[in-house]
Amino acid sequence: MKSIMSIAIVFLMFTLQANAQKEVPNISVKNLDGSSLNMDEITKGEGVKIISFWATWCVPCINELDAISEVYDDWIDETNVELIAIATDDARTKKRVKPLINGKGWEYKILLDENQELQRSLNITVIPHVIVIKDGKIVWRHTGYQMGAEDELYEVVKKNAK
């Protein structure tokens with residue numbers, strides 16, 4: 001019985017991986033000034049991009065973005081990567097985004113997914129959630145944050161920046 005269960009789990013994992021979304025849907029998000037941008041404008045083109053889904057109320061999200069902020073300039077110099085931090089705050093908490101960013105001094109492009117439409121379309125149920133995109137295609141995804149996880153993220157970026 002254990003072997004049947006093991007086979008079923010492996011099959012399920014393979015099926016989920018095979019059906020994992022490979023492209024970011026062309027959904028509109030907003031700049032902090034309220035103007036709309038399509039995700040195609042952001043993700044298409046050459047190079048590696050990191051999309052980090054976060055919220056002002058999510059402590060692990062903030063810890064992750066703080067940790068990356070400390071090394072982000074080096075990452076850009078070495079790989080020309082761009083990080084786009086997409087806040088998933090709703091109408092009640094979105095007013096906290098600008099003050100938080102100003103206080104942190106993050107140099108990332110910050111966008112708002114106010115209705116969580118992009119988040120839902122990518123089947124993201126837990127944040128922080130990081131996606132690495134190369135040439136418009138999703139090449140890596142990770143959920144959650146533990147101290148040091150930014151090192152693994154950078155290894156993925158370096159591998160794909162070649």
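Predicted model: local features only at pLDDT ≥ 70, side-chain atom pairs only at ≥ 80, totals over all residues.
User: Why is Asp 73 called exposed?
Analyst: Its relative accessibility is 52%. Exposed means over 50%. Asp 73 therefore counts as exposed. The residue lies in helix 3, residues 59-79.

User: Which residues gather with Asp 73 in a patch, and what is the charge of that patch?
Analyst: Asp 74, Asp 77, Glu 78 and Glu 107 gather with Asp 73 on the surface. The patch is one of negative charge, because Asp and Glu count as negative.

User: Why is Val 156 called buried?
Analyst: Its relative accessibility is 13%. Buried means under 20%, so Val 156 counts as buried. Val 156 is found in helix 6, residues 149-161.

User: How far apart are the C-alpha atoms of Val 156 and Val 132?
Analyst: They are separated by 7.9 Å, while the two residues stand 24 residues apart along the chain.

User: What makes strand 6 and strand 7 a pair?
Analyst: Six bridges join strand 6 (residues 129-134) to strand 7 (residues 137-143). A pair needs at least two bridges, so these strands pair, and they do so in the antiparallel sense. Val 130 stands opposite His 142 in strand 7.

User: What lies between strand 6 and strand 7 in their hairpin?
Analyst: Two residues lie between them. Asp 135 in the turn has a positive phi of about 50°.

User: How many helices and strands does the chain have?
Analyst: The chain has six helices and seven strands. Their order along the sequence is α-β-β-α-β-α-β-α-β-α-β-β-α. Of the 162 residues, 43% are buried.

Notes: Residues numbered from 1 in each chain as written. Heavy atoms only, no water. Patch = residues over 30% accessible without salt bridge, like charges linked within 9 Å, V, L, I, M, F, W, Y side chains within 5 Å. Areas by Shrake-Rupley, 256 points an atom, 1.4 Å probe, with all protein chains shown as cover. Salt bridge = Lys/Arg side-chain N within 4 Å of Asp/Glu carboxyl O. Charge placed at Lys NZ, Arg CZ, Asp CG, Glu CD. Helix = DSSP H or I, 4+ residues; strand = E, 2+ residues; numbered from the N terminus. Buried < 20%, exposed > 50% of the residue type's maximum accessible area, 1.4 Å probe, protein only.
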